[in-house]
Amino acid sequence: MSSRDEEPVAVTEREITSAVSLTRPDGRLNRDAVGWTRAPLIRTDGIGRGRVGMGRNKRWDYWAVTTPSHVVAIVLSHIDYAGVNSLWIWDRVTGEEHGQDVTTPFGAGVRMPGTLGEGPATLRSRTLQIELTEVDGGTRLRASGDRVQVDVVANRPAGHEALGVVVPWTDRLFQYTVKDVARPATGTIWFDGVEHPVAGEEAWATLDHGRGRWPHRMHWNWGAGSGRTDGKVIGVQVGGKWTDGTGSVENSLLVDGRLHKISEELVWTYDTSAWLEPWKVTGTDVDLTFTPHHDKVSETDFKVISSFTHQCFGVWSGRVRIPAERGSAQWIRIADVFGWAEDVHQKW
């Protein structure tokens, strides 16, 4: 059984409302950037430029598209000494899954803008091509691999908010993450040449955008979900372990496009000998149960560099308390919101 034995820990976080650079001119963390945002306001042009932090710079965009019939995940990343990219699909009806990984030395073929949204992010390789481009009203996700092709727009409704958080381990090691959940998705997925439309009220896209400089070893939890409950659009975003003790957390609830920040270290409880048993994520304002349906297992071990991941897909249910616009706080019910929860051990 894996959990934090302590009670949830409240943290005091600052909301940032204007653009600010993640780094100072010397490449160290700009402490004015530490906090959270409702929109991508943190400028990250200093990550991966020049010799500052060489070997520790990590840049990635992870997109997941979920529909009642399929889940597709696109990874585009540059981690200084390699580009680590992938295209993965899971057929929720038949149970079939297929993944294609492309690793390039020193990020060859990978192009990323300095700051989110300021240009396309692309991979050009012999067997896999990825292009992530901002378009009117959203982000276009295109990928083409050996058995899977994707052309989907992650729409951005008017007023839609997304969680941004800067996590400070030290002035030399830090991370900026954007977790953008419950983006309505439209387009097409092809699997082995068969066309699968992406449309309707249960087609969603989720972004995990990361820019920073990481310690060599890290253990994290991440959970996300997008769906509807009681007529409301719900976006679940929870994390843990990697942020503990930093004073920053990546926890929030999106309700009809409005972000509600949850400022406490949550308690994750799950059985590492039975990954498909229910997980619990709890806190003063959070009481969630995640029921897994499928475990996506990924293992890479080169001793100095390794990654061990259990990413379980399933549904979130429970409740989260958010501040009311007027009066006392209110509990928001969450019922069968599809998404995932993961446990990752990383050396990089």
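**Aromatic pairs and a buried asparagine**

At 6% relative accessibility, Trp-88 counts as buried, because the cut-off for that class is under 20% relative accessible area. This residue belongs to a predicted model, in which 20 aromatic pairs are found.

**Aromatic pairs**

- Trp-88 and Phe-313 form a stacked aromatic pair, with 5.5 Å centre to centre and 20° between the planes.
- That pair links distant parts of the chain, since Trp-88 lies in strand S8 (residues 82-91) and Phe-313 in strand S27 (residues 306-322), 225 residues apart; Phe-313 is buried, with a relative accessible area of 0%.
- Phe-290 and Trp-316 make a tilted pair, at 4.9 Å centre to centre and 45° between the planes, and this pair too links distant parts of the chain, with Phe-290 in strand S26 (residues 286-301) and Trp-316 in strand S27, 26 residues apart.
- Both Phe-290 and Trp-316 are buried.
- Trp-60, Trp-169, Trp-214, Trp-220, Trp-242 and Trp-348 are linked by ring pairs into a cluster.

**Charges over rings**

- The charged end of Lys-296 sits over the ring of Trp-88, 5.1 Å from its centre.
- The charged end of Arg-319 sits over the ring of Trp-331, 3.9 Å from its centre.

**Asn-221**

- Asn-221, found in strand S19 (residues 217-229), is buried, with a relative accessible area of 0%.
- A polar atom of the Asn-221 side chain lies 3.1 Å from the backbone oxygen of Glu-342.
- Leaving aside neighbours within four places in sequence, Asn-221 is in contact with residues including Trp-242, Trp-268, Tyr-270, Trp-279, Glu-342 and Asp-343.

Terms used: Residues are numbered from 1 along each chain as its sequence is written. This is a predicted model: local features need pLDDT of at least 70, side-chain atom pairs count only at pLDDT 80 or more; totals for chains, interfaces and linings use all residues. Side-chain values use heavy atoms; hydrogens and water are left out. Helices (H or I, at least four residues) and strands (E, at least two) are DSSP runs, numbered from the N terminus. Buried means under 20% relative accessible area, exposed over 50%, partly exposed in between (1.4 Å probe, protein chains only). A polar contact is a pair of N or O atoms within 3.5 Å; within protein, one must be able to donate a hydrogen and the other to accept it, and residues adjacent in sequence count only if both atoms are side-chain atoms. Contact means heavy atoms within 4.5 Å. Rings of Phe, Tyr and Trp (its six-membered ring) pair if their centres lie within 6.5 Å; planes under 30 degrees apart count as stacked, over 60 as edge-to-face and the rest as tilted. A charge sits over a ring if NZ of Lys or CZ of Arg is within 6 Å of the ring centre and within 35 degrees of the ring normal.
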